[in-house]
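Please open the model and keep it beside this note. The points below are numbered so that you can check each one in turn.

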Amino acid sequence: AEELISKYYEEKDVAADTRLYDRYYKKRRGSSVFMMSGGIALIDGDLPNSRPDIFGRFGYKQYLVPHLNLNVSMNQFKLNNGELFENSFTSVDLNAEFTVLPFDDFSPYLYSGVGFHLETDETEALTKIQAGLGLEYLVSESLGIHAFAESNFTQSDALDGVVNGTRDDFYYRFGVGLNFYLNSPKFKSKPQAVSEEEAEALIQD
(Lines give C-alpha, C1' and ligand atoms only; values in the text may rest on other atoms or scores of the structure.)
Protein backbone atom coordinates (compact mmCIF):
# COMPACT_ATOMS: atom_id res chain seq x y z
CA ALA A 1 0.00 0.00 0.00
CA GLU A 2 2.76 2.45 0.88
CA GLU A 3 4.46 1.69 -2.42
CA LEU A 4 1.29 2.50 -4.37
CA ILE A 5 0.82 5.74 -2.46
CA SER A 6 4.44 6.71 -3.19
CA LYS A 7 3.96 6.01 -6.90
CA TYR A 8 0.81 8.13 -6.93
CA TYR A 9 2.57 11.19 -5.53
CA GLU A 10 5.55 10.60 -7.82
CA GLU A 11 3.19 10.55 -10.79
CA LYS A 12 1.71 13.89 -9.71
CA ASP A 13 5.21 15.38 -9.68
CA VAL A 14 5.87 13.98 -13.15
CA ALA A 15 2.61 15.50 -14.43
CA ALA A 16 3.90 18.95 -13.51
CA ASP A 17 6.89 18.34 -15.81
CA THR A 18 4.94 16.83 -18.72
CA ARG A 19 3.80 19.29 -21.37
CA LEU A 20 2.72 19.35 -25.00
CA TYR A 21 2.63 15.99 -26.83
CA ASP A 22 3.25 14.12 -23.54
CA ARG A 23 6.94 15.08 -23.57
CA TYR A 24 8.70 14.77 -20.23
CA TYR A 25 10.47 18.04 -19.36
CA LYS A 26 13.29 17.02 -17.06
CA LYS A 27 16.89 18.18 -17.29
CA ARG A 28 18.92 15.68 -19.32
CA ARG A 29 22.24 17.44 -19.87
CA GLY A 30 24.84 18.27 -17.26
CA SER A 31 26.10 21.83 -17.05
CA SER A 32 29.79 21.02 -17.67
CA VAL A 33 30.82 19.34 -20.91
CA PHE A 34 34.10 18.34 -22.53
CA MET A 35 33.86 17.89 -26.30
CA MET A 36 36.11 16.40 -28.97
CA SER A 37 35.51 15.99 -32.67
CA GLY A 38 37.15 15.39 -36.01
CA GLY A 39 36.27 15.97 -39.64
CA ILE A 40 37.24 18.00 -42.67
CA ALA A 41 37.98 21.64 -43.50
CA LEU A 42 37.39 23.22 -46.92
CA ILE A 43 38.66 26.63 -48.02
CA ASP A 44 36.70 29.06 -50.21
CA GLY A 45 39.20 31.67 -51.31
CA ASP A 46 40.71 33.09 -54.48
CA LEU A 47 42.35 29.89 -55.74
CA PRO A 48 40.63 27.02 -57.61
CA ASN A 49 40.68 23.30 -56.81
CA SER A 50 39.69 23.52 -53.17
CA ARG A 51 40.12 20.11 -51.53
CA PRO A 52 38.87 18.80 -48.17
CA ASP A 53 41.55 18.19 -45.54
CA ILE A 54 41.77 17.09 -41.91
CA PHE A 55 40.29 18.97 -38.96
CA GLY A 56 40.28 18.25 -35.21
CA ARG A 57 38.74 19.99 -32.17
CA PHE A 58 38.87 19.83 -28.38
CA GLY A 59 36.82 22.14 -26.17
CA TYR A 60 34.67 22.84 -23.13
CA LYS A 61 31.02 23.93 -22.73
CA GLN A 62 29.33 25.50 -19.72
CA TYR A 63 25.53 25.58 -19.68
CA LEU A 64 24.06 28.75 -18.15
CA VAL A 65 20.44 27.59 -18.56
CA PRO A 66 19.09 24.45 -20.29
CA HIS A 67 18.78 26.22 -23.66
CA LEU A 68 22.07 28.17 -23.63
CA ASN A 69 25.76 27.43 -23.14
CA LEU A 70 29.03 29.23 -23.72
CA ASN A 71 31.90 27.21 -25.13
CA VAL A 72 35.55 27.57 -26.06
CA SER A 73 37.54 25.27 -28.31
CA MET A 74 40.97 24.79 -29.84
CA ASN A 75 41.03 23.62 -33.44
CA GLN A 76 43.75 22.22 -35.68
CA PHE A 77 43.07 22.00 -39.41
CA LYS A 78 44.57 22.15 -42.89
CA LEU A 79 43.39 24.21 -45.87
CA ASN A 80 44.22 22.80 -49.26
CA ASN A 81 44.14 23.93 -52.89
CA GLY A 82 46.28 21.10 -54.18
CA GLU A 83 49.59 22.19 -55.65
CA LEU A 84 48.61 25.86 -55.44
CA PHE A 85 48.23 26.16 -51.66
CA GLU A 86 48.39 23.92 -48.60
CA ASN A 87 48.92 25.01 -45.01
CA SER A 88 48.10 24.07 -41.41
CA PHE A 89 46.23 26.38 -39.08
CA THR A 90 45.29 26.64 -35.41
CA SER A 91 42.21 28.49 -34.20
CA VAL A 92 40.64 29.32 -30.85
CA ASP A 93 36.85 29.85 -30.98
CA LEU A 94 34.44 31.30 -28.41
CA ASN A 95 30.74 30.63 -29.09
CA ALA A 96 27.28 31.07 -27.65
CA GLU A 97 25.23 27.95 -28.39
CA PHE A 98 21.46 27.49 -28.36
CA THR A 99 20.10 23.97 -27.74
CA VAL A 100 16.69 23.76 -29.40
CA LEU A 101 15.30 20.78 -27.42
CA PRO A 102 17.27 20.60 -24.17
CA PHE A 103 14.80 18.20 -22.51
CA ASP A 104 15.01 15.60 -25.31
CA ASP A 105 17.68 13.01 -26.04
CA PHE A 106 17.86 14.23 -29.66
CA SER A 107 18.25 17.95 -30.28
CA PRO A 108 19.38 20.37 -33.00
CA TYR A 109 21.60 23.24 -31.91
CA LEU A 110 22.82 26.55 -33.34
CA TYR A 111 25.92 28.53 -32.44
CA SER A 112 27.86 31.64 -33.37
CA GLY A 113 30.81 33.57 -32.01
CA VAL A 114 34.23 35.05 -32.58
CA GLY A 115 37.71 33.63 -32.70
CA PHE A 116 41.17 33.93 -34.14
CA HIS A 117 43.36 31.70 -36.26
CA LEU A 118 46.98 31.63 -37.32
CA GLU A 119 49.16 29.54 -39.55
CA THR A 120 51.08 26.91 -37.61
CA ASP A 121 54.46 28.43 -38.45
CA GLU A 122 53.37 32.06 -37.92
CA THR A 123 52.83 34.22 -34.82
CA GLU A 124 50.36 36.81 -36.18
CA ALA A 125 46.76 35.88 -35.38
CA LEU A 126 43.81 37.01 -37.53
CA THR A 127 40.28 37.48 -36.19
CA LYS A 128 37.23 35.75 -37.60
CA ILE A 129 33.52 35.18 -37.05
CA GLN A 130 32.02 31.69 -37.13
CA ALA A 131 28.50 30.29 -37.18
CA GLY A 132 27.18 26.76 -37.42
CA LEU A 133 24.48 24.24 -36.72
CA GLY A 134 24.45 20.65 -35.54
CA LEU A 135 22.60 17.68 -34.09
CA GLU A 136 23.24 15.85 -30.82
CA TYR A 137 21.97 12.49 -29.56
CA LEU A 138 22.39 11.46 -25.92
CA VAL A 139 23.57 7.87 -25.77
CA SER A 140 23.54 7.95 -21.96
CA GLU A 141 23.40 10.45 -19.09
CA SER A 142 27.11 11.20 -19.52
CA LEU A 143 27.75 10.76 -23.26
CA GLY A 144 26.41 12.46 -26.38
CA ILE A 145 27.21 12.05 -30.09
CA HIS A 146 27.12 15.17 -32.27
CA ALA A 147 27.58 16.22 -35.88
CA PHE A 148 27.92 19.77 -37.17
CA ALA A 149 28.67 22.08 -40.08
CA GLU A 150 30.03 25.63 -39.78
CA SER A 151 31.24 28.61 -41.76
CA ASN A 152 34.23 30.72 -40.76
CA PHE A 153 34.37 34.28 -42.08
CA THR A 154 37.88 35.70 -41.99
CA GLN A 155 38.90 39.34 -41.96
CA SER A 156 41.48 38.84 -44.69
CA ASP A 157 41.61 38.19 -48.42
CA ALA A 158 45.14 36.78 -48.15
CA LEU A 159 44.39 33.55 -46.27
CA ASP A 160 45.47 31.52 -49.30
CA GLY A 161 48.33 33.87 -50.16
CA VAL A 162 46.42 35.56 -53.00
CA VAL A 163 44.59 38.90 -52.90
CA ASN A 164 41.97 39.14 -55.62
CA GLY A 165 38.64 40.99 -55.70
CA THR A 166 36.76 42.54 -52.79
CA ARG A 167 35.55 39.46 -50.87
CA ASP A 168 37.51 38.11 -47.92
CA ASP A 169 38.42 34.44 -47.83
CA PHE A 170 36.45 32.02 -45.70
CA TYR A 171 36.36 28.29 -44.96
CA TYR A 172 33.98 25.55 -43.86
CA ARG A 173 34.41 22.84 -41.24
CA PHE A 174 32.35 19.67 -40.95
CA GLY A 175 32.71 17.19 -38.12
CA VAL A 176 31.40 14.47 -35.84
CA GLY A 177 32.37 13.91 -32.23
CA LEU A 178 31.55 13.16 -28.62
CA ASN A 179 30.31 15.23 -25.68
CA PHE A 180 31.30 14.08 -22.18
CA TYR A 181 28.96 15.38 -19.45
CA LEU A 182 30.73 15.64 -16.09
CA ASN A 183 27.77 16.28 -13.76
CA SER A 184 24.85 14.69 -15.54
CA PRO A 185 21.45 14.87 -13.84
CA LYS A 186 20.00 11.61 -12.61
CA PHE A 187 17.11 11.15 -14.99
CA LYS A 188 14.28 8.79 -14.11
CA SER A 189 11.71 7.56 -16.58
CA LYS A 190 8.01 8.15 -16.01
CA PRO A 191 6.62 5.83 -13.32
CA GLN A 192 3.75 3.40 -13.82
CA ALA A 193 0.40 5.14 -13.46
CA VAL A 194 -1.64 4.75 -10.27
CA SER A 195 -5.20 5.96 -10.41
CA GLU A 196 -6.33 8.70 -8.07
CA GLU A 197 -9.14 6.48 -6.79
CA GLU A 198 -6.72 3.69 -5.86
CA ALA A 199 -4.42 6.06 -4.01
CA GLU A 200 -7.20 7.82 -2.14
CA ALA A 201 -8.69 4.49 -1.07
CA LEU A 202 -5.31 3.39 0.26
CA ILE A 203 -4.80 6.69 2.10
CA GLN A 204 -8.19 6.31 3.78
CA ASP A 205 -7.26 2.77 4.86
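Which residues form one aromatic cluster?

1. **The aromatic cluster.** Phe153, Phe170, Tyr172 and Phe174 form it together. Rings of Phe, Tyr and Trp (for Trp, the six-membered ring) pair if their centres lie within 6.5 Å; planes under 30 degrees apart count as stacked, over 60 as edge-to-face and the rest as tilted. By that rule, the structure holds nine aromatic pairs. Take Phe153 and Phe170: their ring centres are 5.9 Å apart and their planes stand at 35°, so this pair is tilted. The pair links distant parts of the chain, with Phe153 in strand 7 and Phe170 in strand 8 (residues 170-181), 17 residues apart.

2. **What kind of model this is.** This is a predicted model: local features need pLDDT of at least 70, side-chain atom pairs count only at pLDDT 80 or more, and totals for chains, interfaces and linings use all residues. Residues are numbered from 1 along each chain as its sequence is written, and side-chain values use heavy atoms, with hydrogens and water left out.

3. **The overall plan.** The protein chain has two helices and eight strands. Helices (H or I, at least four residues) and strands (E, at least two) are DSSP runs, numbered from the N terminus. Read from that end, the order is α-β-β-β-β-β-β-β-β-α. Contact means heavy atoms within 4.5 Å. Among contacts in the protein chain between residues at least 6 apart in sequence, 60% join residues at least 24 apart.

4. **Buried or exposed?** Buried means under 20% relative accessible area, exposed over 50%, and partly exposed in between (1.4 Å probe, protein chains only). Of the 205 residues of the protein chain, 39% count as buried. Phe170 has 15% relative accessibility, so Phe170 counts as buried. Phe153 has a relative accessible area of 38%, so Phe153 is partly exposed.

5. **The nonpolar core.** In soluble globular proteins, nonpolar side chains tend to be buried together. Here a nonpolar core is a set of buried Ala, Val, Leu, Ile, Met, Phe, Trp, Tyr and Cys residues joined through side-chain atoms within 4.5 Å. The largest such core has 13 residues, and those with the most contacts inside it are Phe77, Leu79, Phe85, Phe89 and Leu159. Strand 1 (32-44), strand 3 and strand 5 each supply at least two residues of this core. Look at Leu79. Leaving aside neighbours within four places in sequence, Leu79 has contacts that include Ala41, Ile43, Phe85, Phe89, Leu159 and Tyr171.

6. On a 1 Å grid over the protein atoms alone, a cavity is a set of points where a 1.4 Å probe fits but cannot get out; lining residues have an atom within 4 Å of a point. Grid points are joined across faces, edges and corners, and a volume is the space filled by probe spheres set on the points. The count comes to two cavities of 30 Å³ or more. Ala, Val, Leu, Ile, Met, Phe, Trp, Tyr, Cys and Pro count as nonpolar, Asp, Glu, Lys and Arg as charged, and the others, Gly among them, as polar. The lining of the largest cavity then has four nonpolar, five polar and three charged residues.

7. **The second largest cavity.** How much space lies in the second largest cavity? About 30 Å³. Among its lining residues are Tyr63, Thr99, Ser107, Pro108 and Glu136. Strand 5 gives the largest share, three residues. By class, this lining has three nonpolar, three polar and three charged residues.

8. **Two loop residues.** Asn49 is in the loop between strand 1 and strand 2. The phi of Asn49 is near 60°, a positive value in a residue other than glycine. Asn164 is in the loop between strand 7 and strand 8. The C-alpha atoms of Asn164 and Asp46 are separated by 6.3 Å, although these residues are 118 apart along the chain.

Technical notes:
1 Å grid on protein atoms, 1.4 Å probe; cavity = no way out; pocket = protein on both sides within 12 Å on 5 of 7 lines; lining within 4 Å.
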